[in-house]
Amino acid sequence: MTAELTLGPILFHWPADKKRDFYFQIADESPVDTVYIGEVICSKRSPFFESYYEEIAERLQKSGKKVVFSSLAEVMIPRERKMTEGLCSVETCNIEIEANDSAALYHLRGMPHRIGSFLNVYNEDTMEFLVSKGAKHFTLPPELPSSVLKILAQKARALDVTIEVQVYGRVGLALSARCYHARSHNRVKDNCQFVCEQDPDGMTLNTINGTPFLSINGIQTLSYHCLSLLNELDDMKKMGIQAFRISPHNHDMVKTSSLYRDVLDKTISPKEALVKLKKTGLQIPFSNGFYHGTDGYRWIKSA
Amino acid sequence: MISFITQLFLGKIVRYISQTRPDIFNRMEAHTDKVFLIDPVNLPLVLILKPQKENPSLTACPRHKILKYDARISGTFLTLLKMIDGQLDGDALFFTRDLTIEGDTEAVVCLRNALDDVDGSVVEDVATLFPLLGTPTLSFLRNIKN
Amino acid sequence: MHPKKIIPPELVCPAGTPASLRAAVDAGADAVYCGFQNATNARNFPGLNFTFEELQNSIAYAHNHGTKVLLAANTFPPAGKTDLWKQAIDNAVCLGIDAIIVADIGVAVYAQNKYPDQRLHLSVQAGAPSIEAIKYYCEEFNIKRVVLPRILTIPEIKQIKEEIPCEIECFIFGNHGLMAEGRCSLTNYTTGLSTNMDGVCSPASHVKYEEDENKNLTTKLGEFTIDQFSCSQNPGYPTICKGRYLVPHRQDAYYAFEEPISLNLANLLPDLIEAGVHALKIEGRQRSRAYIKAVVSSWRSAIDDVLEGKPPHISDLLALTEGNKQTEGAYASKRWR
């Protein structure tokens, strides 16, 4: 079976035109098999892109890509509850829903759906229960070490469902009800004026002595480091993990996804791909610590 | 020079605690081999605590002596005593800088939690343990209770 | 005119050791929550928590005084290690625990299938702040009470209460975490120990305090500096979401998430009771019995005041709070967000 390459939802607040152009380019030039669309971080951002979804979904599907709609990661206020209910009740042919909050699970029971990385699937029992409610595909939480991934991959095979793991991009580490982008500009969430648009890859938080540490994306806190599991792809394929997720950033995603495709297809080595990946634009160090069961920000060299 | 009597006094306290409250040592888990320097900043001496389960020791040393330790806990004598006696909250003392911690933080937290799981008053027990102590000492110790 | 009938809320108090549990019971707790000495609970700290025998004796003590005991089994077992969590559930049921507080779906499935009569509460770690999320857990796992995250205003809590089929428990005092509970990997990113899987947040094993000759205190977690305090400032514990950081558009380091501060809803107590909240929860299983005694007795008398129709008198608990500052957080205003 060929490994599937996916493009996760855009986590950052990019201007609508930029997003549309980005998806058109992905449709035309990227080797990814599946594209997740939809606003997962902030319900306030959602209206900006609402009118484009149909067009980009169609364009992506025409170029042979599967389209999945990701639900909001944090559902609390009426607007967010309505958004989630609306999304889950839509009779969208060919578009699967990825649930990222238990409010979405409430609506999706009994229907085929996907489970996103914001839901806590840590063990076989949780996976089995969610499958009994209609889950077909799981993108696992990024903090899981390979030892846990391995067991979950076995369980997924037994349950006849598939597993996906993020292999590129900053790693989502936390969510909050408070908007830290607004806070950094002395504003509150209701009056944020969408300052998060200024940071298309997130706003870097440095420690007091100047060490880059985390990055802020509205209500989300991400790693400063950029996850890269190029060296680990082969291992994961052997475990039975079928899908690998690139999380979009503000640099050449066509090239980035092509490098991952090439490594999955064994046309170039992970080592060579890493050298090339460093030249694609994101000027931040790589990490892979979570996979190796250690501090997430660390980079563990392959043997 | 720390008097022989002081060392005997400290030794008796720690042996008494280990006999009457063995649970403290169970709670110390991986930290029974650690050396704690307890530093009452307003006294001329410091205390060295080795909470080994079979052979715990508490000894006094002159302040100027260079000592090896895993963790150091400093505060005024009264602050430390009241914390050990369960009358003051260690976190609150830290938040107000009445208590300073240095070195192996986990060992300190573990010791604090272990000592906190003691019903009644260690101070009261010690006061009872030394019926021959002078009245001023006893009333000082008992006053701390109030 | 008759005053509106109010339901007496349950005062739910923390205990990290048997001595703390007895202190909470003696100070007037209606229920005490605690955990076993392992990763099955979210306060898996060194020297803290209960052995099987300690819990057995503690439940006996509490029940003799008419106090309930709840077990926090509120972490997420990683695949391959679920037996530890199942054993915790088995042990707690065998000891006659009054309720088990769960977060993981797999753990809830196990408890519900094996012990259908056992009362289950949904931990704040499950991350269920909406009506639909709460209904999901109630309908699927027969949850009897939900512990709400500290991110809702009182009108929002009221609204939720009207539409869900279970009881509501709210935090009223203690640590004020900023991240959505059960969805935070900041500690694992920094230390290699996971809040969800290992039950730790800023573990002491990775905490360093460094004081320089001018008494400036630097607090570090792993390799990263979390904050610095001059000799006149009140330090906090190096929790990542309470640290000070630099960003390009601000000149000085600032509390990017929240300052070291504690939640204290003393002034909102009548509103919470009026909203029909079933249980009021004090945070702090990691705190000393001195803290438990002071905080529990203070809230006991305040609740009793409200129930007697008197204005609540809350003695000053500021000295026990982190940073010596307190907040009503999200409960008072949406502007907190």
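## A tour from the chains to the core

Begin with the chains: of the two pairs of chains in contact, the pair that shares the most contacts is chains A and C, where contact means that the C-beta atoms of two residues, placed from the backbone, lie within 7 Å. Chains A and B, by contrast, do not touch, and their nearest C-alpha atoms lie 18 Å apart.

Before going on, note that this is a predicted model, in which local features need pLDDT of at least 70 and side-chain atom pairs count only at pLDDT 80 or more, while totals for chains, interfaces and linings use all residues. Residues are numbered from 1 along each chain as its sequence is written, and chains are lettered from A and ligands numbered from 1 in the order in which they are written.

Next, select chain C and colour its domain 1 (10-177 + 261-336) and domain 2 (193-255), whose bounds come from an automatic or database domain assignment. The centres of these two domains of chain C, taken over C-alpha atoms, are 27 Å apart. Where they meet, 14 residues of domain 1 of chain C are in contact with ten residues of domain 2 of chain C.

Now select C:A24 and C:V32, which touch the most other members of the largest nonpolar core, a set of 231 residues. Such a core consists of buried Ala, Val, Leu, Ile, Met, Phe, Trp, Tyr and Cys residues joined through C-beta atoms within 7 Å, and buried means that 20 or more other C-beta atoms, placed from the backbone, lie within 10 Å of a residue's own.

Finally, stay on C:V32 and, leaving aside neighbours within four places in sequence, display its contacts, among them C:C13, C:L21, C:A62 and C:V69.

How values were computed:
Buried ≥ 20, exposed ≤ 12 C-beta atoms within 10 Å, placed from the backbone.
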